[in-house]
2 protein chains.
Amino acid sequence: AAPLVGRLAIVGIGLIGSSIIHACKARGIAGTIVAIDRDPAVLERCAALGLGDERTGDLAGVAGADLVVLCIPVGAFAAVAEAMGPHLKPGAIVSDVGSVKGSIIAQTRPHLPAGTHLVPAHPVAGTEYSGPDAGFATLFQRRWCILTPPEGTEPAATALVEGFWQAMGANVEIMSAEHHDRVLAITSHVPHLIAYNIVGTAADLETVTESEVIKFSAGGFRDFTRIAASDPTMWRDIFLHNKEAVLEMLGRLNEDVAILSRAIRWGDGDTLFDLFTRTRAIRRGIISQGQDAAEADFGRRHAE
Amino acid sequence: AAPLVGRLAIVGIGLIGSSIIHACKARGIAGTIVAIDRDPAVLERCAALGLGDERTGDLAGVAGADLVVLCIPVGAFAAVAEAMGPHLKPGAIVSDVGSVKGSIIAQTRPHLPAGTHLVPAHPVAGTEYSGPDAGFATLFQRRWCILTPPEGTEPAATALVEGFWQAMGANVEIMSAEHHDRVLAITSHVPHLIAYNIVGTAADLETVTESEVIKFSAGGFRDFTRIAASDPTMWRDIFLHNKEAVLEMLGRLNEDVAILSRAIRWGDGDTLFDLFTRTRAIRRGIISQGQDAAEADFGRRHAE
Ligand SMILES: NC(=O)c1ccc[n+]([C@@H]2O[C@H](COP(=O)([O-])OP(=O)(O)OC[C@H]3O[C@@H](n4cnc5c(N)ncnc54)[C@H](OP(=O)(O)O)[C@@H]3O)[C@@H](O)[C@H]2O)c1
Ligand SMILES: NC(=O)c1ccc[n+]([C@@H]2O[C@H](COP(=O)([O-])OP(=O)(O)OC[C@H]3O[C@@H](n4cnc5c(N)ncnc54)[C@H](OP(=O)(O)O)[C@@H]3O)[C@@H](O)[C@H]2O)c1
């Protein structure tokens, strides 16, 4: 059978871009894969890793591609779309993997020639590592990928991108960009902000040394540090481009922290106990839906 | 050689109590182990699991013990110490594993007869599971255990408890109870409170459904849900008994969140980028000191 995509161009060969190339190669999803990255050193690593049938630093490399997937930070879309737009062939589908969707549509759409299609996507899967060496073929397996085609998008274009992600093992869900940005604000963006914040605060305390924080991190803090080790550029861009939803969710969180603080101050154990009991149910939902493993401490005990 | 402890009594056979029994048995640390729990069903599980050479529901079971370790929630110490005190033999050492130290000393000391010794301890190691089935012998291996002997404590008593934890594979550090409570507020208590809080807030949103939160949790949220699945009684007690330090650290956190919110609102990417870069260094410290594994995503990718 012919591959799902004849000519596939991946722009930005980092964690996500390289994982897509691995997955497409492993499963024969694309006829020819063009790896595009502005950094010659990254292209060299790609050659060493066997990533891409063709490699170039020039965005003109999207010429002739049936599907182009932009795997770059959320803040880079306008410039890349502008440079790439004139080279797109008629009927080309442009997709991406950006963690924010509203802003990406706003940045990209003005630069796409008539007759091309925009089907934004966001695979909800990742690690705290970056670059072409970090990718692996199974990253998207049994993870969700959210598509946010703007109103009026050609259904066939959406269907192609849906099939593309399913072929890599992902489950696909379709929703509006606005809704996506709120859902991700609470499930990803605000947790990252809070993790960065608490790790930053800990480093600044006068009464507790940084070495103590590191030594005694096993009590919960170390999970925050893992999250707070994620790529600074990627996350700066996410917060700047999902401003409204992030600030809205932070506001809600602050109200709830105020309630908890008051409960602690006044010794209201029931309020604390009730919340702590409710949150367990959500954890059970995540385990039963296969979004995480139930093993204690993620198998750290076995790693010792 | 004679075992380090002749007669050892463990009060409260939950995650930590049962882990101590497993570790002591595996390494021959105690001559006789008495397992004490108020719940007959727990004692039955202990019998089935082979936990304890003797088992009783009566605190009088501490009689004759050289070392008694209280493995009960932080809120239960006053009552248990009062009931147990009269049965302690002269020279007995009383220790514990509670996550807060100042309050435990205040609750326990008044009930200990003259000629006995109090050497509070806190192993900084755990999982989100509870009960006698959750324990395992290696829980404390290469983890820190903090001792907070009050001023004037007999050095020989402190040395015995230090040797006890080292024999189970832990590294021991000694500090004041007050300092312990601040250090743990930032490395453990506040992270747990924030995790509980964010999971609770997510469940209460009108614009995002709980099923969406569960589905798309892989973006960071699921790590918070694991922490927020910890035992409600244990954590209620921790917050009520480490009130000052927790509220102090929460106050600091709030100030820092306000700064981040402002940076997001005004599009100040440099402030965000600088913080996100600084926090990576702390993560590196934790990995290089063996407090966590460097593998991406804790091997979740391999579990698929
Ligand atoms: N990491 C995750 O967990 C995750 C999960 C889901 C979605 N995402 C999204 O996926 C996208 C890529 O993330 P990643 O984790 O793969 O990042 P990454 O490993 O850091 O790779 C980013 C890639 O984008 C390129 N790039 C950066 N700035 C650029 C610019 N101004 N113009 C052109 N190319 C540029 C980089 O090229 P150079 O090498 O030349 O800098 C690099 O190839 C982001 O939008 C992110 O929000 C990430
Ligand atoms: N879990 C962790 O990650 C961790 C880490 C370090 C330190 N700690 C500390 O270790 C202690 C025990 O925690 P754990 O995780 O082992 O808890 P757990 O598995 O829930 O066990 C708690 C034990 O305490 C007993 N208990 C509860 N209330 C009692 C009361 N009022 N009087 C007498 N016994 C009572 C329980 O007996 P029943 O079965 O009869 O209820 C049970 O045996 C706590 O102080 C906690 O702060 C926990």
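**Ligand shells, chain symmetry and selected residues**

Ligand 2 is surrounded by 26 residues, of which B:Leu15, B:Asp37, B:Ile72, B:Ser99 and B:Gly131 are the closest. The model is a predicted one. By class, the shell around ligand 2 consists of 14 nonpolar, 9 polar and 3 charged residues. Helix H1 (15-27) and strand S7 (121-123) of chain B each contribute at least two residues to this shell.

In B:Asp37, a polar side-chain atom is 2.6 Å from an oxygen atom of the ligand. In B:Ile72, the atom concerned is a backbone N or O, which lies 2.6 Å from an oxygen atom of ligand 2. B:Gly131 likewise has a backbone N or O atom 2.8 Å from an oxygen atom of ligand 2. The protein buries 83% of the 900 Å² that ligand 2 exposes when taken alone.

For ligand 1, the shell comprises 27 residues, and those that come nearest are A:Leu15, A:Asp37, A:Ile72, A:Ser99 and A:Gly131. Its composition by class is 15 nonpolar, 9 polar and 3 charged residues. The side chain of A:Asp37 has an N or O atom 2.6 Å from an oxygen atom of ligand 1. For the side chain of A:Arg38, the corresponding distance from an N or O atom to an oxygen atom of ligand 1 is 2.9 Å. A:Ile72 has a backbone N or O atom 2.6 Å from an oxygen atom of the ligand. Helix H1 (15-27), strand S7 (121-124) and helix H9 (232-241) of chain A are the elements that give two or more residues to the shell around ligand 1.

The arrangement of the two chains was examined next. In general, two copies of a chain are related by a rotation about an axis and a shift along it. Here, chain A is superposed on chain B by a rotation of 180° with 0.0 Å of shift along the axis, at an RMSD of 0.0 Å. That relation is the one given by a two-fold axis. Of the interface residues of chain A, 100% are also interface residues in chain B, and the copies therefore meet through the same surface.

Leaving out residues up to four places away in sequence, A:Lys215 touches B:Trp144, B:Glu173, B:Gln289 and B:Gln291. The relative accessibility of A:Lys215 is 17%, so the residue counts as buried, the limit being under 20%.

Within chain A, A:Val74 belongs to the loop between strand S4 (67-70) and helix H3 (77-84). A:Val74 is buried, with a relative accessibility of 3%. Apart from neighbours within four places in sequence, the contacts of A:Val74 are A:Gly98, A:Ser99, A:Val100, A:Ser103, A:Ile104, A:Gln107, A:Asp237, A:Ile238 and A:His241. One of these residues, A:Ser99, is also among those that come nearest to ligand 1. The C-alpha atoms of A:Val74 and A:Ile238 are 6.2 Å apart in space, although 164 residues separate the two in sequence.

A:His241 is part of helix H9 of chain A, an element that gives two or more residues to the shell around ligand 1. With a relative accessibility of 27%, A:His241 counts as partly exposed. The contacts of A:His241, neighbours within four places in sequence excluded, are A:Val74, A:Gly75, A:Val100, A:Ser103 and A:Gln107. A:Val100, A:Ser103 and A:Gln107 are likewise in contact with A:Val74. A separation of 8.9 Å is found between the C-alpha atoms of A:His241 and A:Lys101, which are 140 residues apart along the chain.

Backbone geometry was considered last. Most residues other than glycine have a negative phi. A:Arg142, which is not a glycine, has a positive phi of about 60°. This residue is found in the loop between S7 and strand S8 (144-147) of chain A, and counts as exposed at 54% relative accessibility. In chain B, the phi of B:Arg142 is also positive, near 60°. B:Arg142 occupies the loop between S7 and strand S8 (144-147) of chain B and is exposed, with a relative accessible area of 56%.

Note on methods. Residues are numbered from 1 along each chain as its sequence is written. Chains are lettered from A and ligands numbered from 1 in the order in which they are written. This is a predicted model: local features need pLDDT of at least 70, side-chain atom pairs count only at pLDDT 80 or more; totals for chains, interfaces and linings use all residues. Side-chain values use heavy atoms; hydrogens and water are left out. A residue is near a molecule or strand if one of its heavy atoms lies within 4 Å of it. A polar contact is a pair of N or O atoms within 3.5 Å; within protein, one must be able to donate a hydrogen and the other to accept it, and residues adjacent in sequence count only if both atoms are side-chain atoms. Helices (H or I, at least four residues) and strands (E, at least two) are DSSP runs, numbered from the N terminus. Ala, Val, Leu, Ile, Met, Phe, Trp, Tyr, Cys and Pro count as nonpolar, Asp, Glu, Lys and Arg as charged, and the others, Gly among them, as polar. Copies are superposed by least squares on the C-alpha atoms of residues with pLDDT of at least 70 in both. Contact means heavy atoms within 4.5 Å. Buried means under 20% relative accessible area, exposed over 50%, partly exposed in between (1.4 Å probe, protein chains only). Accessible areas come from the Shrake-Rupley method with a 1.4 Å probe; for residues, only the protein chains shown count as cover.
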